Amino acid sequence: MAIAPSRVAVIGAGVMGAGIAAHLANAGCTVLLLDALPDAAASAIARLSAARPSPFVTKAVAGRVTSGTVAADLAGVADCDWIIEAIVEDLAAKRALYAQLEPLRRPDAIVSSNTSTIPLAHLVEGRSAAFRRHFAVTHFFNPPRWMRLLELVAGPDTAPEVADTLAAFGDVRLGKGVVRCHDTPGFIANRVGTFWMQVAVQETITLGLTVEDADAVFGKPMGVPATGVFGLLDLVGLDLMPRVAASFARTLPADDRYRRTAQPLPVLERLVADGFTGRKGKGGFYRVTRRPDGARQTEAVDLATGAVRPSAPSTLPGAKARGVAALVAGRDAGGELARRVLRQVLAYAFEVADEIADDLASVDTAMRLGFNWAKGPFELADAIGVATVAEWIRDAGEPVPSRLEAAVRAGSCYRTAGGRREQLGRDGTWQAVSRPGGVETLGDVALASRPLEKNGSAALWDLGGGVLGVEFTAKMNALDGDVMAMLHRAAARAGRGDGPFKAIVLHNEGKHFSVGANLGLLLYAINLAAWRDIEKLMIAGQQAYAALRYAPVPVVGVVQGLALGGGFEALLHCDAVVAHLEASMGLVETGVGLVPGWGGCARMLIRHAEGGDPADPMPAVIRTMEQVGRAETAANAADARDKGFLTARDVIVMNPDRLLDEARRTALALVPGYRPPRPPVLRLPGAAVLPAIEAGVQGLVAAGQATAYDAVVAAALARVLTGGDTTPDRTVREADLLALEREAFLRLVREPRTRERIEHMLATGQPLRN
Amino acid sequence: MPAYRAPLDDIRFVLHDVLGTEQLRALPGYEEVTPDLVDTVLDGMAQVCEEVLFPLNQVGDQVGSTVADGVVTTPPGFKEAYATFCEAGFPGLSCDPAYGGQGLPLTLRAVLDEMVCSTNLSFGMFPGLTYGAYEALHAYGSDELKDAYLAKLVSGEWAGTMCLTEPHAGTDLGIITTKAVPAGDGAYHVTGSKIFITAGEHDLTPNIVHLVLAKLPDAPPGTKGISLLLVPKYLPTEDGRPGTRNGVTCVGVEHKMGIKASPTCQLQFDNAKGWLVGEPHKGLRAMFIMMNGARLNVGMQGLGLSVTSYQNALQYAKDRLQMRALKGAARPDQPADPIIVHPDVRRGLMTMKSFNEGARALAYHVGMEMDVILHHPDPARRQEAEDLVALLTPVVKAFFTDVGFESANIGLQTYGGHGYIREYGMEQYVRDSRIAQIYEGTNGVQAMDLVGRKLPAEMGRLLRRFFQPTHELIERESQGDLKDLAEALGQGFRRLQQGTQLILAKGMRDPNEAGAAASEYLRIFGLVAVGAMWLRMARVAQDKLAAGAGPKEAFYRSKVVTAKFWMTRILPQAHGLMASIAAGGETIMALEPDAF
């Protein structure tokens, strides 16, 4: 079968099953969620709906999941394209369930298991050939919506098109990085990741270091992962380790490095026994407690004694090392810890790579997406130098794995050749790192070409196919005059679309598309009384965004992470937006005592007025007033569509690695016959309605829902949105609204309370309610 | 022979009319500081400086302080002058009355500093260092130490020093090696070598109190491991007289370019007994109290020498008859015209005059803000003043000493060949002023302090204390009779704003960019800060003229003209400096050391 599943059954409504069901609903599937226990599925859905953040992207999405019990409702699987088993890790139970499914499932329906430990070969014993052809392991990571790894295991009998269908669906529709794994215990990520956790904990104890030391070393300099090892154990649950250890003890051969290395961890076992299973329990290696005076404090477990003491940041020099190479070169205990752990973990990865995966890149991808490592093991080895890693292993009196020896001969595990990334194959030759079609990143473009232009905060790229890319490059992609200048350059290069470029795409691969105007620089400008520079930047921004809006070629914005304030205003000026599902966006300027000043007020107002009654602009004014006045953000792209921040023209993409491809296709689709939009003309109510709006705001102040200064900011915003000194019988142009934005912004920016809000935001990351 | 007259008219104008002495009087503790009291104090300072200190300036330079067998002898007359200086109560002018100080405003100390630097910089080093020691001890010393030493320092009976530099550790104090080992009785034994110790040994006072930076045995490396110790030359007896000689000896005095009467000593500490000032390892904090005050004081040295050089150059330009005016004889009755008729001579004089008067106003403004820090009841206002003083300290130190040196040089030039001849005194000011660009942190270090510390501090809050009021001043004057001046200042101010933003934006990415721009930036800052004082002074003068100035009309007219000179002939340097900054640090950093 090649049809993408649209009806899916998930059996087992535990943490994983329910989370998978929710994410399938996010992807637009109709889901049947069943559990052996009565009410378990229904209460799981209710629990997920209430969680913050909820695994459901919007409230409405939860309606796509129907709950039931295995006993009463299993027949419902007959309508399903895909049946996912996510019940308890018990081979007999799973086999019994499959036996029940065999006669019920449609002949072309796929069945997969979310097992993390049981080999596929054991699962399908006793099943029909047809069942085996349609069976695979689809191993999700917790939480399924956010963890990007999906391990896919096909057995010898699994039909290739079944595996391909699951891979494509997981990739495109669920947004996962699908890694094909061999049918070996723990597959890829848990096999390597669990070994790493075990070794990291053991060596930390051996060296007499603290949990803070270990997390500081593994966290920032190494990035495996940002939380460090003890922080990660707290997150995933301390009880996981002994269970996985027991499982591996049964399933791995006796000479496997894991079994040779792993020792009991009494300190961890005692914590689990006492109920300290991590964040899901009473806390783990770290505890957040309250002091007698009510202040929160973090405590940490002393690994030597098991006692709890106040947490103190690590003072190891290694914690401040820049990158893993600097870390392992350090002569301090942090460097020693890193060397010891990496020697064993990298040796293990080289030893098992060919056993567990098709290629090295699969292992690296699995560790990045499944354990949030900044680099996978072979990427780490390259960063350190493969010869150095081999030397460590030799110095420890151990044999160097042949895969590593080959890498030492080749010089590295990866190389860039002809603008492409290549990896060292099993046979010692260089092979392209293969990826599904449509998975492409700006990083790939950067490997093969150089920017057409760049300045301190932005760059222009030829993205291929006649598409000109604008990349923001500043920290957090904050916007400044350089960005605006580069947008003008992009518009100039695109010209009338008769040159090499037919469309413009705003795209970067930062964690966030843009957090908006550079508040730090704005605060300096305020402190310098550089009011003219602030005004110039406002005009530059308005003009740059207008140049995008009215360019003779289509402009597409691509958003991931956050698009706040000026960042979101840029998107509001695009012909279409390609949004990653997890993108969060909104006009948050009032939080720092300002109003959107780069056309954000105007564009939101115009957007909400679209399709409404031109003679009655008040609904659009009120809606914009509420959203901007409250600095409302959409939690994700689906929420953004509900709020009107995204429109039907905009595309939601589940897999961030597909954003570039989707954006290019979206932009090129707009090219034939493209005409820039005509500047809109509005009728707005004018100052006559201000008293009513202000009375409403005063009501919020009286009710304690808004502060006195919120009211000042709201009044400035209201004057913009009502069109200033207009009357309903006159028309207002976009340019008039822009002038009103500037006037309001420049007035507010001089207010000390606005400055205090900006200072507070920069210092704490939180809005000040003054 | 050079002459000096304290510029009391101008000093009074700045204090009473521009800054407002009533602002001082409004501060708790300064209720007694009436304009009359201020004038009386000023007259007293002028008298001592003109009649006692200035006449010793040339002999001090010619004889210098000398060393023999560890004993330093000051030039003839210094001892007597020092006694007069102490009798006038000047060492303790602004010191805590609890220790015998007069409790007068720091603003007046700034005036005293100016006059002393104008008349005898070398002499000023002795009480200057003593005051620094007083400040650190007053802020951080234990009650025992304060009781034993402060009154002696306040009265000038004993002198003080700051012992920081070692042969291998100047700017980088983190690497000093002088050790302080606990003696068991709460005291320490200090051992090590210090160099460049001003007034480290002399015959003006029966005892000298050294404040010494040293490392305790358990000190962490770097500047976080430095402690400050008090080491007296003679251990005081029970009744406060110099007792047993302590283990500190002067092993040499440097031969210097200028300030020859000030003995710059090499001190050897050999198990000298000392006591900790402040907490262990936190000595740098206490040292900075002295250093910040000292940096402002060094700024006054640049100003003070420029004032004397200007006064003599002016007189010479009026007296020296040579050539005729370009547009025909100005004094046909004489064989030649006085050289003041020549535009180029006047350019030099106006350059000196506009700097002297503008810098004086800025210095006293900073002094008054320091009084606010000490005495204002509102903590927010105190914080504002602290921010402003912190911001302007490197500007005053470096800009005043750079321009002060240039100014002393212009004074010499005005004399022509005679400027180069020793007996006329002008070359001494050039030599004496040169050191001010170097010590208390070279002017390069000041520029780094400004861009590296003061600019980014508190997300720009320090900057706000200067920029917002200056912007408001310019806006206020942008209409009306001073609008040309306001416009000119506004253009310089724009450059300063642009330079600041450029440095902040570029420097965040590449610290070398900030470093490459630092010195030019500091100079723009100085030009604008003095310019802002000139606009304020022009406003006062203009108002006085409008109200009918009577006999002082010429004084106020001169103020308005000089303000205009600064704005139109000096301040535009900011544009060229800004162009250099905008060019970036690429060419500065491009060459490998071997390629130079």
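The centres of domain 3 of chain A and domain 4 of chain A, taken over C-alpha atoms, lie 24 Å apart. The structure is a predicted model, in which local features need pLDDT of at least 70, side-chain atom pairs count only at pLDDT 80 or more, and totals for chains, interfaces and linings use all residues. Residues are numbered from 1 along each chain as its sequence is written, while chains are lettered from A and ligands numbered from 1 in the order in which they are written.

Let us stay with chain A for a moment. Its domain assignment gives domain 1 (7-181), domain 2 (189-352 + 366-417), domain 3 (437-587 + 632-677) and domain 4 (589-630 + 679-770); such bounds come from an automatic or database domain assignment. Where domains 3 and 4 of chain A meet, 23 residues of domain 3 are in contact with 25 residues of domain 4. Contact here requires that the C-beta atoms of two residues, placed from the backbone, lie within 7 Å. On the domain 3 side, α22 (519-527), α23 (531-549) and α24 (566-572) of chain A are the elements that give two or more residues. The largest share of that side, eight residues, comes from α23(A). (Helices, H or I with at least four residues, and strands, E with at least two, are DSSP runs numbered from the N terminus.) By kind, the domain 3 side divides into 12 nonpolar, seven polar and four charged residues. In this count Ala, Val, Leu, Ile, Met, Phe, Trp, Tyr, Cys and Pro are nonpolar, Asp, Glu, Lys and Arg are charged, and the others, Gly among them, are polar.

Most residues other than glycine have a negative phi, and most peptide bonds are trans. The bond joining A:Arg52 and A:Pro53 is cis, with omega about -5 degrees, and A:Pro53 is found in the loop between α2 (40-50) and β3 (65-69) of chain A. Another cis peptide bond runs from A:Val224 to A:Pro225, with omega near -20 degrees; A:Pro225 is in the loop between α9 (211-222) and α10 (228-236) of chain A.

Now turn to where the two chains meet. The contact takes 14 residues from chain B and 13 residues from chain A. On the chain B side, α14 (461-477) and α15 (483-509) each supply at least two residues. That side divides into five nonpolar, six polar and three charged residues.

A residue is buried if 20 or more other C-beta atoms lie within 10 Å of its own, exposed if 12 or fewer, and partly exposed in between, with C-beta atoms placed from the backbone. In the loop between α13 (443-454) and α14 of chain B lies B:Glu458, which has a positive phi of about 55 degrees although it is not a glycine. B:Glu458 is partly exposed, with 15 other C-beta atoms within 10 Å.

Helix α16(B) has 36 residues and reaches 51 Å from its first C-alpha to its last, close to the 52 Å expected. It bends by about 50 degrees at B:Ala518, the bend being the angle between axes fitted to the seven residues ending there and the seven starting there.

Finally, the largest nonpolar core has 443 residues, of which A:Leu33, A:Leu152, A:Leu717 and B:Leu229 touch the most other members. Helix α16 (residues 511-546) of chain B gives the most to this core, with 19 residues. Such a core is a set of buried Ala, Val, Leu, Ile, Met, Phe, Trp, Tyr and Cys residues joined through C-beta atoms within 7 Å. Not counting residues up to four places away in sequence, B:Leu229 touches residues including B:Ala180, B:Tyr188, B:Val212 and B:Trp275.

Technical notes:
The expected span of a helix is 1.5 Å times one less than its number of residues.
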